[in-house]
Amino acid sequence: MARMNMVQALNSAMDVMLARDPRVVILGEDVGYFGGVFRATEGLQRKHGEHRVFDTPISEGGIIAAAIGMGVNGLKPVAEIQFADYIYPGFDQVVSELARLRYRTAGEFTAPVTIRTPCGGGIRGGQTHSQSPEAIFTHVSGIKVVMPSNPYDAKGLLISAIEGEDPVVFFEPKRIYNGPFDGDPHKPAVPWSTHPQGEVPEGHFTVPLSKAAIVRPGTVATILTYGTMVHVSEAAVRLAGIDAEIIDVRTMAPLDIDTVCTSVCRTGRCVVVHEATLFGGYGAELVARVQEHCFWNLEAPIQRVGGWDTPYPHAFEWEYFPGPARVAAALTKVMEAS
Amino acid sequence: MTPRSRLHVPSPPARPGQEPDFSYLALSAPGAAHRPEVTVAAADTENLSKELVRVLGDDHVAVGPWNPHLEPPELQVGLRHMLLTRLFDDRMQRIQRQGRISFYIKSTGEEAVAVAAGMALQPGDMLFPSYRQQGLQVVRGRNLVDLMCQCLSNTHDMCKGRQMPIMYHWGSGNIFSISGNLATQYPQAVGWAMAAAIKGEDHIAASWIGEGSSAEADFHHAMTFAAVYQAPVILNLVNNQWAISTFQGVAGGERRTFAQRGPGYGIPGIRVDGNDFLAVYAVTEWAAQRARQGVGPTLIEHVTYRAAAHSTSDDPSRYRPKEEWKAWPLGDPIARLKGHLIALGEWSEERHARLEKELEVQVNASWKEAESYGTLSGGPALDPLTMFEDVFKDMPQHLVQQREEMRALLEAGTIDVSPVPLAQKA
């Protein structure tokens with residue numbers, strides 16, 4: 001086992017897959033010689049060659065479309081979109097092409113493309129470097145949507161994504177690249193080396209897609225969350241002193257409904273937490289599933305916590321970010337209601 | 001052996017530790033480029049889009065048909081604007097390094113691209129810049145305090161704290177909002193120009209993108225719409241050789257100049273020495289005249305060099321020779337205009353030093369004033385509840401509800417609004 005931060009774990013996943021499978025290629029802006037603006041592909045071009053790991057022009061539409069073409073021609077492209085906020089020029093290629101290729105050709109053509117993209121706020125990135133657009137993608141049938149919350153999962157899930165035959169949009173919460181941030185920016189940064197999930201095998205291993213993880217077992221309520229908010233939720237549970245179960249959804253689509261609903265049916269209370277804006281957010285899907293499956297077990301209305309429904313404001317990052325206090329308040333509320 | 005296809009991955013002539021090499025750069029002699037009538041057909045600008053329009057030679061003398069014959073006072077104003085832009089950049093970079101603003105982007109070495117073009121346009125012309133044309137703000141007389149307050153996200157910030165530093169806008173100055181997403185402004189400028197044509201107005205639009213972001217589809221949208229509707233717009237493409245870590249070859253500059261894309265779309269293309277104040281002024285004036293006379297759009301490639309890092313988040317020593325900027329064959333736009341003015345007998349080292357000092361004082365005073373309106377780490381602060389404004393013209397019910405929710409959290413002290421040191425980020 002090695003100690004890795006999330007960037008190193010992602011790098012290791014790509015390194016392992018480049019070595020194991022000659023069909024894997026990495027492409028994106030600044031990913032080649034430079035190794036990526038977040039260093040996720042550092043050293044990979046030097047090690048595996050410039051035909052396997054290469055820079056692209058600044059064209060997200062071009063990157064995703066070219067990845068689709070490569071995928072159709074037998075490769076397994078891993079495309080990096082430098083920030084999730086930059087993915088929209090490639091949106092048509094994702095929605096109209098990548099997601100539907102298998103369906104519209106009755107399985108004759110497929111493109112097993114993995115799109116990696118850093119998301120989320122907390123780095124003073126303002127509205128164009130802080131977004132969490134996962135719900136825009138979970139609404140599209142035919143693509144898998146993943147967001148890891150720690151280095152171990154990041155590596156295992158990325159390998160699963162690359163090995164799979166379906167296209168995956170793989171969101172990386174950049175605020176937790178270097179450590180498990182719990183939502184309090186006033187505290188000193190904590191590195192992954194202090195966290196059990198910072199222990200990552202150096203070789204090949206997988207974490208299955210569409211399988212949620214119980215991060216913290218609990219008895220009286222269930223928090224459904226993913227990404228950075230897993231750690232914020234852990235802090236909120238401590239803050240509220242409530243024995244809540246925390247479920248890291250990990251793969252938003254297709255969702256592991258069993259793990260989610262088994263927990264909520266048992267605890268009878270549910271809080272849904274994400275960093276993305278609330279209105280039409282992924283939390284709405286979770287709430288809908290929970291009420292379909294757990295309605296007769298619910299003791300209180302389900303609470304949702306998310307980013308306010310505004311663009312991400314540069315100056316008010318921490319007023320905007322749904323920190324532990326807001327999650328704890330929702331947890332308290334769900335416990336009080338009966 | 002049977003010939004087979006092979007993936008060509010462009011790589012720059014020099015990497016860290018190697019000697020800078022700009023031999024790939026096609027240069028024309030100063031004064032050599034032909035200056036056609038503004039009514040020229042796009043197809044007849046093939047040469048112009050390959051050559052390099054230059055006016056100022058190494059001997060500091062202005063030569064050739066593109067010499068705009070500016071009076072010395074105008075040249076001195078240009079020098080002042082470029083110098084102020086540079087000093088402002090240097091100061092803001094230092095402020096970022098001190099942790100007092102979150103981010104900054106310098107335009108060092110590229111000042112002429114914005115300043116000379118800005119001066120050749122009229123105040124009513126609408127500008128759609130990228131994030132590296134702060135010189136346009138300077139030309140149009142924007143108070144530096146306003147720019148600094150934006151970078152500080154303070155109580156006088158024109159963006160009310162909503163944008164990252166340098167994402168300025170200026171309605172009354174006719175400068176559009178800068179986007180963090182690349183190239184989006186390019187086709188928007190075309191649309192603005194189309195509206196001017198629809199309304200029968202005299203104003204034109206101008207936009208700037210980098211050679212890197214010309215790979216975005218927005219470039220194609222802009223070129224197509226501009227050509228189809230013969231929109232009164234100047235499309236500037238700033239080829240500063242580097243897009244973060246990728247050199248201009250990765251953007252498609254290895255076999256054709258960027259200006260040559262113009263004739264391909266039916267738009268005249270001009271390739272100009274972007275570090276030559278006189279040449280940039282002259283081609284802009286030419287393109288503006290074309291647009292104003294209803295002849296149509298122009299694509300101008302400004303050949304320059306990004307002497308600074310991409311941004312304060314970037315470290316160019318990882319991907320290009322450290323001293324590469326020193327080998328740049330087209331020099332420094334400020335030094336060149338200064339040399340020209342001195343050669344004309346209209347400037348001196350003493351006057352230059354005096355001007356530099358005067359502008360330093362201006363920058364310092366501006367910073368002092370800007371700081372008094374608040375910093376990210378100290379008051380006075382903007383009211384966080386304002387974040388819910390301007391999402392829509394009228395605030396919908398769900399946002400009113402969220403604002404009240406936040407108000408309660410702030411009043412109860414549940415949300416900690418004490419300043420977060422910038423160094424604390426992961």
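**Close-up 1. Salt bridges in the predicted model, with the pair A:Arg102 and A:Asp166.** Over all chains the structure holds 39 salt bridges, a salt bridge being a side-chain nitrogen of Lys or Arg within 4 Å of a carboxyl oxygen of Asp or Glu. This is a predicted model, in which local features need pLDDT of at least 70 and side-chain atom pairs count only at pLDDT 80 or more, while totals for chains, interfaces and linings use all residues; side-chain values use heavy atoms, with hydrogens and water left out. Residues are numbered from 1 along each chain as its sequence is written, and chains are lettered from A and ligands numbered from 1 in the order in which they are written. In the pair shown, the closest N and O atoms of A:Arg102 and A:Asp166 are 3.3 Å apart. A:Arg102 belongs to helix α5 (residues 101-104) of chain A and A:Asp166 to the loop between α7 (151-163) and β7 (168-173) of chain A, so the pair ties together parts that are 64 residues apart in sequence; helices (H or I, at least four residues) and strands (E, at least two) are DSSP runs, numbered from the N terminus. A:Arg102 is partly exposed, with a relative accessible area of 36%, and A:Asp166 is partly exposed at 26%, where buried means under 20% relative accessible area, exposed over 50%, and partly exposed in between (1.4 Å probe, protein chains only).

**Close-up 2. The salt bridge between B:Arg86 and B:Glu111.** Here the closest N and O atoms are 2.7 Å apart. B:Arg86 lies in helix α1 (residues 72-97) of chain B and B:Glu111 in helix α2 (residues 111-120) of chain B, so parts that are 25 residues apart in sequence are tied together by the pair. Both B:Arg86 and B:Glu111 are buried.

**Close-up 3. A salt-bridge network with residues from chains A and B.** B:Asp315 and B:Arg318 form a salt bridge whose closest N and O atoms are 4.0 Å apart. B:Asp315 is partly exposed, with a relative accessible area of 35%, and B:Arg318 counts as partly exposed at 40%. Through salt bridges that share partners, A:Arg39, A:Glu42, B:Asp315 and B:Arg318 are joined into one network.

**Close-up 4. An open sheet of five strands in chain A.** The strand order is β9-β11-β10-β13-β14, with mixed pairing; two strands pair if DSSP finds at least two bridges between them. At the edges stand β9 (213-216) and β14 (303-307) of chain A, each with a single partner strand, so one side of each is left without a neighbour in the sheet. From one strand to the next the twist averages 25°. Three bridges join β9(A) to the antiparallel strand β11 (residues 244-248) of chain A, and A:Ala213 stands opposite A:Asp248 in β11(A). Helix α9 (residues 257-267) of chain A packs on the sheet and touches β9, β10 (221-225), β11 and β13 (270-277) of chain A, its direction making about 155° with that of β10(A); axes are lines fitted to C-alpha atoms, for helices over the stretch in contact, and angles run from 0 to 180 degrees between N-to-C directions.

**Close-up 5. The surroundings of B:His310.** B:His310 is found in the loop between β7 (298-303) and α9 (333-343) of chain B, and is buried, with a relative accessible area of 13%. Apart from neighbours within four places in sequence, B:His310 is in contact (heavy atoms within 4.5 Å) with B:Ile105, B:Tyr131, B:Arg132 and B:Ile244.
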